[in-house]
Amino acid sequence: MAKHRFKVGQLAEMWPAGQVGVSEVCVLGLNENHGQRILLRLRTDDLKGFRKPLSIKKVLFHELAHNVYSEHDGKFNALMRAIE
C-alpha cells in the first residue's frame with residue numbers, strides 16, 4: 001500500500017447476502033468513496049467457514065484499485081496487476 005500511497009479509512013467485513021455465482025446481485029467486495037471504507041466478504045455463503053486467504057487478497061487488490069479508477073478498464077486492470 002505504501003508504494004501506491006493508498007489510504008483506507010476503514011477495512012471491514014461485508015456480511016454475506018446471496019450466493020456467489022447464483023444470486024443476481026452478489027459481490028465479494030465494495031469500495032466506498034475511493035477508500036474511505038472497503039468491505040470484504042470473508043465468510044462462505046453457508047456461514048460455516050471463511051473464504052480462502054488468496055481469494056480474499058485478490059478481492060482486496062481489486063478494491064484498492066478502485067481507490068484510483070472507478071471503471072473496470074485497461075488502466076484499472078493494469079493497476080490491479082501491479083498491486084498483486
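A polar contact is a pair of N or O atoms within 3.5 Å; within protein, one must be able to donate a hydrogen and the other to accept it, and residues adjacent in sequence count only if both atoms are side-chain atoms. Keep that in mind for Asn67, whose side chain reaches the backbone oxygen of Lys7 at 3.3 Å. The model is predicted, so local features need pLDDT of at least 70, side-chain atom pairs count only at pLDDT 80 or more, and totals for chains, interfaces and linings use all residues. Residues are numbered from 1 along each chain as its sequence is written, and side-chain values use heavy atoms, with hydrogens and water left out.

**Overall fold**
- You can find 2 helices and 3 strands in the protein, in the order β-β-β-α-α along the sequence.
- Helices (H or I, at least four residues) and strands (E, at least two) are DSSP runs, numbered from the N terminus.
- The C-alpha trace spans about 35 × 25 × 25 Å along its principal axes.
- A compact globule of 84 residues would have a radius of gyration near 12 Å, and the 13 Å of this protein agrees with that. This radius is taken over C-alpha atoms, and the globule rule is 2.2 Å times the number of residues to the power 0.38.

**Surface and charge**
- Buried residues (under 20% relative accessible area, with a 1.4 Å probe and protein chains only) make up 29% of the 84 residues.
- The protein exposes about 5900 Å², of which carbon and sulfur atoms supply 54%; the areas come from the Shrake-Rupley method with a 1.4 Å probe, and for residues only the protein chains shown count as cover.
- There are 13 positive and 9 negative side chains, and the centres of the two sets lie 9 Å apart. Lys and Arg count as positive and Asp and Glu as negative, while His and the chain ends are not counted. Each charge is placed at NZ of Lys, CZ of Arg, CG of Asp or CD of Glu.

**A look at Asn67**
- Asn67 sits in the loop between α1 (53-65) and α2 (74-83).
- Asn67 counts as buried because its relative accessible area is 13%.
- Leaving aside neighbours within four places in sequence, Asn67 is in contact (heavy atoms within 4.5 Å) with residues including Phe6, Val8, His34 and Ile38.

**A look at Arg51**
- Arg51 lies in the loop between β3 (37-40) and α1.
- With a relative accessible area of 17%, Arg51 is buried too.
- The side chains of Arg51 and Asp45 make a polar contact at 2.9 Å.
- Arg51 and Gly74 are 23 residues apart in sequence, and their C-alpha atoms are 28 Å apart in space.

Technical notes. Buried means under 20% relative accessible area, exposed over 50%, partly exposed in between (1.4 Å probe, protein chains only).
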